[in-house]
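Please open the model in a viewer and keep the selection panel at hand.

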Amino acid sequence: MADWTVADSAELYGISSWGGDYFAIDPDGGVVVQPAGPDGARVSLPALVEELRGRGQRTPLLIRFSDVLASRVREIAGCFERAFRECDYAGSYRGVYPIKVNQQRQVVEELIEYGRSTHLGLEVGSKPELLVALALIDHSDALIVCNGYKDRGYLEIALLGQRLGRRPVVVLDRPQELETLIKVSRELGIRPHIGVRARLSARGAGKWSGSTGERSKFGLTVSEIVGVIARLRAESMLDCLEMLHFHIGSQITEIRAHTDALREASRIFTGLYELGAHVRYLDVGGGLGVDYDGSQSSGDSSMNYSVQEYAYDVVAAIREACDERRVPHPDIVTECGRALVSHASLLVFDVLGVNEGAGAGFLAPRPPAEDEHKLIRELHEVWSGVTPESVQEAYHDAVRLKEEAHSAFSLGYLDLEARARVEEIFASCCGRILACLRELERVPEDLESLERELADVFYGNFSVFQSLPDSWALEQLFPLMPIHRLDERPARRATFADLTCDSDGKIDRFVAPRQEERVLPLHEPDGRPYYVGAFLVGAYQETLGEVHNLFGDTDTVHVSISESGYSVEQVIEGDSVDEVLAYVQYDRRDLSERVRRAAESALRRGDLTLQEAALLRSRYQQGLTGYTYPERES
Ligand SMILES: *Cc1c(COP(=O)(O)O)cnc(C)c1O
């Protein structure tokens with residue numbers, strides 16, 4: 001296989017562009033995970049998956065790499081520390097993690113642990129999230145930023161949380177919340193830490209830009225903020241106003257959108273100070289992007305800036321506004337969610353089968369016999385004459401002959417066997433044409449879609465709706481690639497179909513080096529298991545997933561990597577069939593009982609033997625307690 005190297009695979013799948021140094025390919029063709037970069041400890045992903053399977057772990061499998069999570073926490077905080085030093089900034093960095101981005105307990109616990117030294121706090125947007133934060137955060141150095149719709153109960157819990165030694169900041173999202181807050185504070189005798197969320201006029205960019213602008217669902221206008229100050233002053237509570245908050249949306253693809261918002265927010269901040277509100281935190285929200293396609297562009301699945309550039313811009317904009325007005329530098333709070341957790345999770349699924357497209361028809365067709373139909377002989381001639389120079393003409397001829405053959409068949413001039421021969425030779429023509437096209441610098445326009453039309457369909461053991469919901473709902477790109485055999489040339493071009501019976505349950509847009517592609521190069525099936533990884537799925541995908549066709553949560557493992565190898569720290573079993581059925585109100589016992597009764601009458605009628613009844617019963621029970629995904633026969 002000297003004509004294909006792992007370097008070719010690396011370029012083809014763009015792993016170093018989107019992998020952020022966490023993923024690479026080792027010389028034997030497997031993906032490696034290296035949380036500390038190329039010089040640190042590493043683990044071979046295919047070896048890991050095989051060993052996990054050996055221990056009885058099922059696929060699809062979500063793997064979370066704890067060290068990657070730890071690295072992201074350190075990296076983002078580190079970028080701000082660097083920016084502070086270089087800009088001579090006097091405030092400090094206080095990150096908070098927005099729970100909604102990935103609410104899984106193990107993820108939140110690990111983040112709190114890894115963020116302990118940098119005082120990573122939590123951002124909550126609802127009462128349930130507040131209850132989680134209050135229980136998990138155990139010191140006052142970490143902020144709990146309280147957003148979202150707040151009823152009296154929410155506010156009471158937040159204020160009482162202060163008595164536990166926590167530091168919740170109640171951010172006013174709507175002007176009406178202030179009166180309830182003042183009342184609750186008076187009743188409990190607790191002075192709250194208050195923030196205000198500003199509704200900026202600067203708009204975000206990208207698909208998620210709806211969280212800002214004058215008509216956004218959240219935040220106070222400047223005149224409402226000025227009203228809050230007057231009201232707090234009248235209550236002698238102005239010193240409670242500690243934070244200015246804004247959030248312009250998620251996956252901000254252009255640095256310009258951040259800087260515009262920062263400029264506006266910094267002015268509001270110094271303005272507050274001048275009105276006597278000595279606010280000490282400026283919370284710049286989330287929106288730090290993830291370069292899913294590795295293009296470093298302002299495309300929807302990318303970003304045209306680095307984390308460090310973002311940190312510099314945040315710090316520089318705030319410093320400039322503050323220095324100009326002689327206002328002390330505030331502590332900077334960020335609510336990065338996506339940028340913290342995306343890289344750490346990876347979904348591995350196996351391919352259950354392949355539906356060959358005509359593009360796979362490389363085999364030479366059997367030469368026509370003397371007495372075979374003229375159309376068959378002509379089509380075979382087209383096949384034998386395909387050259388890189390003649391592809392366009394050959395394709396047109398092949399299509400014309402196939403169409404003529406179809407009409408001849410409908411009119412009764414061609415029998416079934418002859419039609420099958422036509423289809424077979426046509427497929428071979430397409431295969432040959434495609435092989436030539438792939439060698440060409442420029443593909444003729446009318447043949448551009450040929451690759452996609454003739455692609456194979458690989459059936460993946462996963463549900464798009466459960467594991468990659470944004471791929472379906474927002475057409476977001478996630479990098480997908482085989483995790484092994486990368487030292488072999490991938491001869492197939494394919495799209496993925498998932499297990500659901502929904503025509504949207506597919507993936508047919510892929511990350512590619514130059515531009516998005518509609519097919520993904522994959523390897524010839526060889527009878528052994530073939531594993532594909534969907535990378536960067538740690539943010540939003542795990543919690544938005546839905547049980548379409550009753551495919552539930554996948555199994556999850558947490559893996560930590562060290563010089564001496566890896567260890568599996570946690571195994572979180574995915575949903576069993578009866579658990580998923582219970583979500584939609586089916587009771588396992590009731591279902592079994594109904595089937596038992598049906599079997600009983602079939603027995604009595606003599607339609608079912610005792611042996612069949614026993615087998616059905618045991619399979620039915622196994623089905624109820626088993627994994628919702630098909631399991632490979634071993
Ligand atoms: C969702 C959300 C975030 C997280 O945004 P990312 O783009 O994931 O960093 C931050 N702050 C608020 C208020 C949010 O609603």
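**Charged pairs**

Begin with Arg191 and Asp239, which form a salt bridge whose closest N and O atoms are 2.7 Å apart. Arg191 lies in the loop between helix 8 (177–188) and strand 9 (193–197), and Asp239 in the loop between helix 9 (222–234) and strand 10 (241–245), so the pair ties together parts that are 48 residues apart in sequence. The model is a predicted one. Arg191 is partly exposed at 44% relative accessibility, whereas Asp239 is exposed, with a relative accessible area of 54%.

Next, select Glu156 and Arg152, a salt bridge with its closest N and O atoms 3.0 Å apart. Both residues belong to helix 7 (residues 152–163), where they are 4 residues apart, about one turn of the helix. Glu156 is partly exposed at 27% relative accessibility, and Arg152 is partly exposed at 32%.

Move to Glu378 and Lys374, whose closest N and O atoms are 3.3 Å apart in a salt bridge. These two lie in helix 13, 4 residues apart, again about one turn of the helix. Lys374 is exposed, with a relative accessible area of 52%, while Glu378 counts as partly exposed at 27%. Then select Lys150, Asp173, Arg174, Glu177 and Arg197, which salt bridges with shared partners join into one network. The count for the model comes to 44 salt bridges.

**His373**

Select His373, in the loop between strand 13 (345–355) and helix 13 (374–384). Its side chain reaches the backbone nitrogen of Leu375 at 3.0 Å. Leaving out residues up to four places away in sequence, His373 touches Tyr413 and Leu414. His373 is partly exposed, with a relative accessible area of 30%.

**Domains 1 and 2**

Colour the chain by domain: domain 1 (1–88 + 344–357 + 455–574), domain 2 (89–335), domain 3 (374–433) and domain 4 (590–625). The C-alpha centres of domain 1 and domain 2 are 32 Å apart. Their contact takes 35 residues from domain 1 and 38 residues from domain 2. Between them, the two domains bury about 3,400 Å², with 64% of it on carbon and sulfur atoms. Display Phe80, Phe84 and Tyr540, which supply 20% of the area that domain 1 buries against domain 2, more than any other three residues.

**The nonpolar cores**

Which residues have the most contacts inside the largest nonpolar core? Select Leu45, Ile63, Phe65, Leu480, Phe496 and Phe535, within a core of 143 residues. Helix 4 (residues 66–87) gives the most to this core, with 10 residues. The core draws at least three residues from each of domain 1 and domain 2. A second, separate core of 27 residues includes Tyr395, Leu414, Ile433 and Leu450.

Centre the view on Ile63; beyond its neighbours within four places in sequence, its contacts include Leu45, Leu52, Ala344, Val348 and Val557. Finish at Ser66, found in helix 4. Ser66 is buried, with a relative accessible area of 3%, and, not counting residues up to four places away in sequence, touches Glu110, Tyr114, His558 and Val559.

Methods: Residues numbered from 1 in each chain as written. Predicted model: local features only at pLDDT ≥ 70, side-chain atom pairs only at ≥ 80, totals over all residues. Heavy atoms only, no water. Core = buried A, V, L, I, M, F, W, Y, C linked by side-chain atoms within 4.5 Å. Buried < 20%, exposed > 50% of the residue type's maximum accessible area, 1.4 Å probe, protein only. Domains from an automatic or database assignment. Contact = heavy atoms within 4.5 Å. Buried area = accessible area lost by both parts, 1.4 Å probe. Polar contact = N/O pair within 3.5 Å; in protein donor to acceptor, adjacent residues only side chain to side chain. Salt bridge = Lys/Arg side-chain N within 4 Å of Asp/Glu carboxyl O.
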